[in-house]
Amino acid sequence: MSRDLSINVHHVTRVEGHGNIVVDVKNGVLKKAELDIVEPPRFFEAMLKGRNFHEVAIITSRICGICSLGHQMTSLKATEAALGLEISEQTEILRKILVHGATFQSNVLHALFLAAPDFLNVGSVFPLVNTHKDVVLAALRLKRLANEIAEIVSGRAVHPISIVPGGFTKLPTEKELIELKDKLAGQGMKDALFTIDVLASLAGEIPRFERETEYISLYNEKEYGLYDGVICSSDAGLIRVEEYERVTNEFIVPHSTSKHARFNRSSYMVGALARFNNSHKLLRPKAKEVAAKLGLEAPNHNPYMITVAQMVEVVHCIDDTIELIDVLLDRGIKDEKPNQEPTRFGRGVAATEVPRGILFHDYTYNRKGQIEKANCIIPTGQNLANIDDDMKKLVPEILNEPKEAITKKLEMLVRAYDPCISCSVHLLDVKFEE
Amino acid sequence: MSQSESNGKPKVAFFDFTSCEGCQLNKLNFENELLDILELVDIVEFREAMDDKAEEYDIAFIEGSISTPTCIERIYDIRRRAKVLVALGQCAVSGGINAMKNAMPMEEVQETVYGNDKYLFPSIPAMPVSAVVKVDYEVRGCPMSPPEYLHVLKSLILGRKPEIKDYAVCVECKLKENECVLEKGMFCLGPITRAGCDAICPSNGQYCTGCRGPVSNINKNGAVEMLKRYGFSTEEALKRMKMFNTNELEKEIKWGKE
């Protein structure tokens with residue numbers, strides 16, 4: 001087919017940050033298919049220089065409001081590794097609850113508010129208030145509940161307050177935790193399962209597309225790896241977090257203010273589907289049931305299924321938070337002060353699975369406990385090359401469809417990755433030409 | 001949302017510039033009030049949540065700093081089409097945390113991040129929205145305070161002037177009966193920072209980072225003297241005060257307004 005096609009979606013909507021989709025086909029031959037990243041640069045690594053160790057997470061949190069908990073958590077772990085700060089078991093359990101809460105919140109926001117309108121052929125969640133009010137109300141309740149986890153344990157959902165190097169400046173009460181657990185086990189789980197039933201009924205709207213790639217996530221043999229673990233590549237096996245640069249291999253491309261990444265292939269995927277593919281055996285039984293119901297089986301090579309994997313994780317996070325609260329209540333909440341006495345000064349690297357995938361922070365501290373060097377590697381940046389590769393395979397496959405249908409599928413593809421562009425361009429600014 | 005043409009509801013739009021989009025997210029975090037808000041206004045543009053675009057707005061909320069030439073073009077265009085323009089969150093109000101880089105030599109900032117490629121990546125200082133266009137109202141904070149945002153939105157819908165606080169966080173902190181953070185031996189910017197957050201950080205065991213900017217009649221030298229009394233060096237005190245307030249405290253940086 002000798003078709004000419006030019007698609008230029010300026011500022012893709014319902015994603016975090018500014019990106020353009022550019023596709024160019026001449027005489028049926030694909031010349032260009034890429035996601036251009038046009039977000040302004042932020043210079044965070046430079047701003048961190050000389051900052052005290054207890055200020056660092058406050059600043060890195062501001063890389064992204066949507067991923068603020070993930071940035072703080074990874075930042076704290078990197079600082080603790082660099083300064084030799086041990087944390088208590090109680091702190092670790094509370095942090096795991098926070099990571100669950102953030103994953104739960106962000107996945108619900110993406111799957112039910114940003115991606116779902118595509119499955120129902122509307123431009124935003126707002127018209128659904130009239131046509132699907134029960135679903136919107138359930139989704140709103142879920143988002144509120146997820147934010148409540150953050151508010152109870154860390155003081156605030158956007159830019160958490162009480163998590164600091166070495167522990168917490170304020171602890172939740174047992175009463176708050178019991179109430180939270182009851183809400184999660186009751187209406188929370190009910191709403192999650194209800195929205196999943198709705199999603200299952202829309203399975204036919206999810207485009208069928210396959211492209212096997214390299215899947216990279218944290219892996220933890222004891223649990224579904226979110227808070228901590230080692231790097232796992234579906235191609236290369238397990239790698240120590242300290243060796244992350246061997247995996248990420250960042251490189252600059254002219255069409256993106258965010259760096260790209262590649263390991264064993266031209267690109268790799270991080271995020272909910274990569275986690276599911278690498279760690280599905282470690283999901284809670286309830287989450288496994290939901291995956292089966294939604295037709296998600298590992299390994300899955302359809303990037304549009306990221307949204308489905310996110311809802312499977314919502315159920316896992318709710319269920320596991322209930323259990324973690326039980327563990328805390330059995331132990332009783334101990335009034336612990338944060339451990340902020342450094343035992344050494346040097347380099348520390350940490351990784352956390354944040355909603356969009358594996359996040360790395362790498363800090364070097366001087367003897368005054370101030371940052372000398374900082375590097376943050378963001379999930380969306382790691383996914384960008386993979387999105388371009390998906391588009392390059394997808395466009396020729398659907399070239400006989402009308403331009404509107406192709407555009408919609410491309411927008412849905414970019415949206416499926418739930419890209420967080422503010423995060424991804426925390427440091428780079430490259431001029432791009434159309 | 002084409003019904004806005006005839007139903008008489010104010011047309012509200014949200015725009016984001018250089019920022020973390022956390023303030024936008026905070027607007028979606030009004031899960032309990034969101035549907036009520038939608039009864040009162042028509043959201044005509046909100047790229048983070050919807051596809052639609054509009055030609056004009058009764059109220060435009062702006063998040064983020066102005067930090068590239070493209071930002072300047074966009075904000076002029078939005079101002080032309082907006083009856084009322086509100087700066088939302090500290091990045092828009094003062095440059096916020098983005099302005100930290102303004103206090104460092106641009107050459108050094110670019111070198112730290114880009115190394116030898118620094119000349120490839122031009123950048124301008126991070127400016128508040130008010131440095132470029134007229135701003136009618138401000139909602140401060142990093143992130144913006146949700147109740148304050150609701151107050152401003154409700155006031156504007158009712159055609160009233162929103163009430164903006166201009167006293168120190170200490171006042172709200174005392175009302176919460178918190179133990180004084182400075183007395184606990186920690187650093188704190190509560191005495192010089194504008195209230196409106198309900199002292200949320202001290203109430204959660206943290207110190208005030210000054211994320212809402214200084215009160216209008218700030219005594220910078222007095223604040224430094226106070227922090228010195230509590231054992232912080234002048235250099236340390238100023239560095240910490242600048243985390244969210246570089247543009248206010250760096251008098252040498254001016255944006256063509258006095």
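This is a predicted model: local features need pLDDT of at least 70, side-chain atom pairs count only at pLDDT 80 or more; totals for chains, interfaces and linings use all residues.
**View 1. Chain A as a whole.**
Chain A holds 14 helices and 12 strands. Its radius of gyration is 21 Å, close to the 22 Å that the globule rule gives for 434 residues, so chain A is as compact as a globular protein of that length. Along the principal axes, the C-alpha atoms of chain A fill a box of roughly 70 × 50 × 35 Å. Of the 434 residues in chain A, 59% are buried. Contacts between residues at least 6 apart in sequence were also sorted by separation: in chain A, 73% of them join residues at least 24 apart.

**View 2**
Strand E6 of chain A covers residues 214-219, and strand E7 of chain A covers residues 230-233. E6(A) and E7(A) run antiparallel and are joined by 4 bridges. Ser217(A) faces Cys232(A) of E7(A) across this pairing. E7(A) also pairs with strand E8 of chain A, residues 237-239. That pairing is antiparallel too, over 3 bridges. Here Cys232(A) stands opposite Leu238(A) in E8(A). E7(A) and E8(A) form a hairpin, with 3 residues between them.

**View 3. The antiparallel sheet of chain A.**
An open sheet of chain A contains 3 strands in the order E10-E11-E12, with antiparallel pairing. Strand E10 (347-354) and strand E12 (371-377) of chain A stand at the edges. Each has a single partner strand, so one side of each is left without a neighbour in the sheet. From one strand to the next, the twist averages 15°. E10(A) pairs with strand E11 of chain A, residues 357-365, over 8 bridges. Within this pairing, Gly348(A) has Tyr363(A) of E11(A) as its bridge partner.

**View 4. The parallel sheet of chain B.**
Chain B carries an open sheet of 5 strands, ordered E2-E1-E3-E4-E5 and paired in parallel. Its edge strands are E2 (42-46) and E5 (137-139) of chain B, and each pairs on one side only. The twist averages 25° from one strand to the next. Strand E4 of chain B, residues 82-88, pairs with E5(B) in the parallel sense over 3 bridges. Val86(B) has Tyr137(B) in E5(B) as its bridge partner.

**View 5. Two helices on the chain B sheet.**
Helix H4 of chain B, residues 69-81, packs on the sheet. H4(B) touches strand E1 (11-16), strand E3 (57-63) and E4 of chain B. The direction of H4(B) makes about 130° with that of E4(B). Helix H7 of chain B, residues 146-157, packs on the sheet as well. H7(B) touches E3, E4 and E5 of chain B. The direction of H7(B) makes about 155° with that of E5(B).

**View 6. The two domains of chain B.**
Chain B is divided into domain 1 (4-157) and domain 2 (169-248). Taken over C-alpha atoms, the domain centres are 25 Å apart. Domain 1 of chain B brings 16 residues to the contact, and domain 2 of chain B brings 13 residues. On the domain 1 side, helix H5 (residues 90-94) of chain B gives the most, with 3 residues. The residues of that side divide into 7 nonpolar, 7 polar and 2 charged.

Note on methods
Residues are numbered from 1 along each chain as its sequence is written. Chains are lettered from A and ligands numbered from 1 in the order in which they are written. Two strands pair if DSSP finds at least two bridges between them. Axes are lines fitted to C-alpha atoms, for helices over the stretch in contact, and angles run from 0 to 180 degrees between N-to-C directions. Two residues are in contact if their C-beta atoms, placed from the backbone, lie within 7 Å. The radius of gyration is taken over C-alpha atoms; the globule rule is 2.2 Å times the number of residues to the power 0.38. A residue is buried if 20 or more other C-beta atoms lie within 10 Å of its own, exposed if 12 or fewer, and partly exposed in between; C-beta atoms are placed from the backbone. Domain bounds come from an automatic or database domain assignment. Ala, Val, Leu, Ile, Met, Phe, Trp, Tyr, Cys and Pro count as nonpolar, Asp, Glu, Lys and Arg as charged, and the others, Gly among them, as polar.
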